[in-house]
Amino acid sequence: VAPIIGIDWKINDRWNVAAKYEFKTRMRLKNKSEMNDYAAALSQTNAVLGQFADGSKVACDMPALFTIGAQYSPISSLRLNAGYHFYDDCHATQYGDKQKLVNSGTFEVLAGVEYDICKLVTVSAGWQTTNYDLSDEHMNDLSFTTSSNSIGGGVRIHATQRTSIDLGYMQTLYKSRDVATQTAAGVKNDHYYRTNRVIGVGVNIAF
């Protein structure tokens with residue numbers, strides 16, 4: 001349970017601004033897992049396996065989130081949007097106090113445009129950059145994330161007065177990161193990278 005405070009101010013027909021603050025949400029996830037005897041014994045002392053031990057409660061708080069956005073419409077058929085998000089990751093408790101390995105919170109900057117070509121078709125495009133400030137110690141093979149840029153586009157077809165169909169595509173371009181870790185067996189070099197593509201289809205019905 002977390003309180004949410006927000007404001008939406010439609011200044012005039014051209015400008016609309018909004019802001020929201022979501023408080024930190026305390027979450028504890030209880031594990032139900034099966035391990036062989038060796039893994040079960042190792043999970044008692046191994047920090048990585050410990051989070052998967054049967055019956056263990058894992059801290060996984062959702063960080064506080066602050067967002068602000070604005071929309072400007074120079075003409076009725078065109079809407080320009082911009083936004084900013086900040087996640088207070090440093091104060092969201094994670095398993096093994098992993099939040100202490102975060103240098104600073106995550107921030108995102110977003111921009112988008114939407115245009116009504118005609119009464120039947122609306123097109124849109126958007127961009128988002130997500131920036132993490134994580135220490136090398138925070139990165140591991142089981143869970144990692146890197147900063148990224150996302151681009152997307154969409155089409156809305158106004159099928160009837162009350163029904164519309166949305167088609168969208170998005171691709172996220174993640175930055176790669178190399179981390180060298182000193183182990184008992186020597187230096188371990190990890191290359192972190194990921195990619196994703198998303199296709200979306202939706203139907204909107206107004207009652």
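D97 is placed in the loop between strand 6 (78-87) and strand 7, where helices (H or I, at least four residues) and strands (E, at least two) are DSSP runs numbered from the N terminus. The model is a predicted one, in which local features need pLDDT of at least 70 and side-chain atom pairs count only at pLDDT 80 or more, while totals for chains, interfaces and linings use all residues. Residues are numbered from 1 along each chain as its sequence is written, and side-chain values use heavy atoms, with hydrogens and water left out.

Although D97 is not a glycine, its phi is positive, at about 55°. D97 has a relative accessible area of 35% and is partly exposed, given that buried means under 20% relative accessible area, exposed over 50%, and partly exposed in between (1.4 Å probe, protein chains only).

The strands are arranged in an open sheet of nine, in the order 1-2-5-6-7-8-9-10-13, with antiparallel pairing. Strand 1 (4-10) and strand 13 (195-205) stand at the edges, and because each has a single partner strand, one side of each is left without a neighbour in the sheet. From one strand to the next the twist averages 10°, with axes taken as lines fitted to C-alpha atoms (for helices over the stretch in contact) and angles running from 0 to 180 degrees between N-to-C directions. In general, strands of a sheet pair through backbone hydrogen bonds, either parallel or antiparallel; here two strands are taken to pair if DSSP finds at least two bridges between them.

Within this sheet, strand 8 (residues 121-134) is joined to strand 9 (residues 148-157) by ten bridges in the antiparallel sense. Along this pair, V123 lies opposite V155 of strand 9, and G126 has G152 of strand 9 as its bridge partner. Strand 9 is also paired with strand 10, again in the antiparallel sense and over ten bridges, and these two strands form a hairpin with five residues between them. In this second pairing, G154 stands opposite G168 of strand 10.

T67, in strand 5 (residues 65-75), counts as buried at 13% relative accessibility. Beyond its neighbours within four places in sequence, T67 is in contact (heavy atoms within 4.5 Å) with A18, A19, K20, Y84 and H85. V109, which belongs to strand 7, counts as partly exposed at 28% relative accessibility. When residues up to four places away in sequence are not counted, V109 touches G83, Y84, W127, Q128 and T129. The C-alpha atoms of V109 and N149 are separated by 9.7 Å, the two residues being 40 apart along the chain.

Pockets were located on a 1 Å grid over the protein atoms alone, a pocket being an open set of points with protein on both sides within 12 Å along at least five of seven lines, and lining residues having an atom within 4 Å of a point. The largest pocket holds about 930 Å³ of space, where grid points are joined across faces, edges and corners and a volume is the space filled by probe spheres set on the points. Its lining consists of 34 residues, and Q94, Y95, K98, H138 and S143 lie nearest the centre. Helix 2 (47-50), strand 4 (57-59), strand 7 (102-116) and strand 8 each supply at least two residues of this lining. By class, the lining of the largest pocket comprises 18 nonpolar, eleven polar and five charged residues, with Ala, Val, Leu, Ile, Met, Phe, Trp, Tyr, Cys and Pro counted as nonpolar, Asp, Glu, Lys and Arg as charged, and the others, Gly among them, as polar.

H138 occupies the loop between strand 8 and strand 9 and counts as buried at 15% relative accessibility. Apart from neighbours within four places in sequence, H138 is in contact with K98, L101, V102 and S143. H138 and N12 are 126 residues apart in sequence, and their C-alpha atoms are 46 Å apart in space.

The second largest pocket contains about 350 Å³ of space and is lined by 23 residues, with L110, W127, Q128, S150 and M170 nearest its centre. Two or more residues of this lining come from each of strand 7, strand 8, strand 9 and strand 10 (163-174), and strand 8 gives the most, with seven residues. The classes represented in the lining of the second largest pocket are nine nonpolar, 13 polar and one charged.

Key:
1 Å grid on protein atoms, 1.4 Å probe; cavity = no way out; pocket = protein on both sides within 12 Å on 5 of 7 lines; lining within 4 Å.
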